Amino acid sequence: MRKLLKNGWILTMDESDHEYRHGDIVIEDNKISYVGPAKDHENIDDIIDASECLIIPGMVNTHCHVPMMPFRSLGDDCPDRLRRFLFPLENACMDKKLAYVAARYGMAEMLLSGITTFADMYYFLDELAKAAEEMGIRALLGESVIDQPSCDARNDEEGLALGEAFIAKWQHHELVRPILALHATNTNKAQTFQKAMKIVEKYDTLLMSHVAEMDYEMTYFAKTYGKTPIGWLNDIGCLNERLLAVHCIHLNDEDISLMAENHVKVAHCPSSNLKAGKGIAPVRDMINKGLDVGFGTDGASSGNTLELFSLMRMFAGAQKTKYHDRSLFPAQKIVKIATMGGAKALNMDKEIGSLEKGKKADIVMVSLEGVHMFPQHDPYSLLVYSANAADVKHVFVNGKQVVNDRRLAISLTKLRQDLAANMEDFDKKAAELSKTIK
Ligand SMILES: [Zn+2]
């Protein structure tokens with residue numbers, strides 16, 4: 001099967017950021033077999049007119065908790081929301097079925113906004129993997145291990161065992177790539193980190209963890225160890241290229257140097273960090289030191305929307321303001337982080353992240369027809385400062401078209417009804433908890 005995306009404005013995001021103002025892409029099975037100037041092609045089965053579209057690589061979301069959709073718009077402005085809302089509601093109401101229907105809904109939101117790959121930490125991973133297969137999205141899924149009872153494990157030992165079993169089961173899947181996740185540096189013990197690192201080494205995969213996110217985490221590490229969380233991870237032998245460190249808001253220069261020397265990957269989540277008032281991660285300094293940084297939406301409880309358009313705009317504003325520098329992070333660099341940066345952070349840059357011959361056909365076509373998309377002096381600027389998720393028109397993952405003219409193959413109404421039908425207990429408990437903060 002050969003599909004032709006004809007005459008689009010292609011931003012390849014390859015090493016040299018090649019651009020084709022009038023370009024074609026040919027998809028052959030699950031790969032890109034041609035990208036370049038528009039020309040005649042033979043043996044084409046299907047042609048999609050791209051003349052009013054920007055064509056970019058599928059966007060990469062390096063950090064999410066996709067089944068947390070039920071939490072969207074709940075307790076957003078409540079201090080200590082994690083312990084007031086999240087932990088109690090998760091333990092009381094989150095089960096296999098809710099995780100599955102919520103994950104499908106969240107994946108729909110990602111696909112419709114041009115995210116073709118995401119990395120997630122949560123529970124009930126078989127349900128998430130099944131949902132990813134059905135929705136046709138590329139997913140890196142890690143069991144979330146924490147040193148307290150969670151929704152699918154009584155303690156961290158059980159969590160690690162579940163995590164390893166999941167990796168063993170799904171390790172050769174085309175769309176699902178199993179990883180492992182530890183909740184955070186301040187909610188897991190050193191031995192748990194070390195055991196988790198052994199598991200990811202054994203299976204050649206990634207370990208995701210929230211790191212250096214909270215003020216109280218920094219105080220705890222300073223008081224208990226006289227260290228930062230990064231210094232502590234280094235001491236216990238867990239600071240290496242397999243670690244995908246999420247947030248990394250509170251880093252000093254020494255932390256950044258240590259991370260760079262050890263090739264740590266970073267998932268930066270500006271929408272969730274800014275909403276919580278936690279701080280602005282020193283992304284300029286991390287990138288200057290050569291760290292691979294990608295964007296993460298975080299879950300719908302923290303970042304609210306699972307798309308990268310509004311996030312790119314927030315990122316630009318936050319970094320330029322933090323460093324008082326308008327010229328910092330030109331739009332082209334920001335689109336790079338949303339695509340290739342994410343692919344590098346997930347160790348997948350040989351397969352995805354740019355539009356190049358031989359790479360997986362994960363492709364997004366963004367419409368230029370909206371009122372806010374004209375004039376068109378700079379396509380990257382349009383993507384970062386003008387476009388929104390609703391401009392995404394067609395999306396391909398692994399060569400398969402999963403969004404066609406802004407619609408998924410599966411009905412969004414049905415996905416929403418399925419989620420709502422499974423949220424009765426959740427809604428009741430959420431209403432009770434909400435009363436306690438009024
Ligand atoms: Zn998170």
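Good morning. Buried residues, meaning those under 20% relative accessible area with a 1.4 Å probe and protein chains only (exposed is over 50%, partly exposed in between), make up 60% of the 438 residues in the chain. What we see is a predicted model, in which local features need pLDDT of at least 70 and side-chain atom pairs count only at pLDDT 80 or more, while totals for chains, interfaces and linings use all residues. Residues are numbered from 1 along each chain as its sequence is written, and side-chain values use heavy atoms, with hydrogens and water left out.

Let me begin with the overall form. The chain has 15 helices and 17 strands; these are DSSP runs, numbered from the N terminus, with helices being H or I of at least four residues and strands being E of at least two. Along the principal axes, the C-alpha atoms fill a box of roughly 65 × 50 × 45 Å. The radius of gyration is taken over C-alpha atoms, and the globule rule is 2.2 Å times the number of residues to the power 0.38. For 438 residues, a compact globule would have a radius near 22 Å, and the chain's 21 Å agrees with this. Contact here means heavy atoms within 4.5 Å. Of the contacts with a separation of 6 or more, 72% are between residues 24 or more positions apart.

I turn to the domains, whose bounds come from an automatic or database domain assignment. The chain is divided into domain 1 (2-57 + 361-408) and domain 2 (59-345). Their C-alpha centres lie 29 Å apart, and 29 residues of domain 1 are in contact with 27 residues of domain 2.

Next, the interior. A nonpolar core is a set of buried Ala, Val, Leu, Ile, Met, Phe, Trp, Tyr and Cys residues joined through side-chain atoms within 4.5 Å. Which residues touch the most other members of the largest core? Among its 126 residues, they are F118 and M286. Helix α2 supplies the largest share of this core, eleven residues. Because domain 1 and domain 2 both give residues to the core, it lies between them. Apart from it lies another core, of 18 residues, including V60, A181, A343 and M348. In soluble globular proteins, nonpolar side chains tend to be buried together.

Looking at M286 in detail, and not counting residues up to four places away in sequence, we find that M286 touches C248, L251, I256, V266, A281, L291 and V293. One of these, C248, counts as buried because its relative accessibility is 0%.

Helix α1 (residues 81-93) also faces the interior in part: its buried residues are R81, F85, L86, F87, L89, E90 and C93. These pack against α2 (96-112), β7 (115-122), β9 (176-184) and α15 (424-435). C93 counts as buried because its relative accessibility is 11%.

That brings us to the cysteines. How many disulfides does a search of the whole structure find? The search finds zero, where a disulfide is a pair of cysteine sulfur atoms within 2.5 Å. The closest cysteine sulfur to that of C93 is in C151, 10.0 Å away, which is too far for a bond. For C248, the closest is in C269, at 9.3 Å, again too far for a bond.

T339 counts as buried because its relative accessibility is 0%. Leaving aside neighbours within four places in sequence, T339 is in contact with M13, P57, G58, M59, V60 and G353.

Finally, the strands, where two strands pair if DSSP finds at least two bridges between them. Strand β8 (residues 138-145) is mostly covered, with eight of its eight residues buried. Six bridges join β7 to β8, and the two run parallel; A119 has L140 as its bridge partner in β8.

Strand β15 (residues 392-397) pairs with strand β16 (residues 400-404) over three bridges, in the antiparallel sense, and F396 stands opposite Q401 in β16. The two strands form a hairpin with two residues between them, and N398 in the turn has a positive phi of about 55°. Strand β16 also pairs in the antiparallel sense with strand β17 (residues 407-408), over two bridges, and here V403 stands opposite L408. This hairpin too has two residues between its strands, and D405 in the turn has a positive phi of about 50°.

Thank you for your attention.
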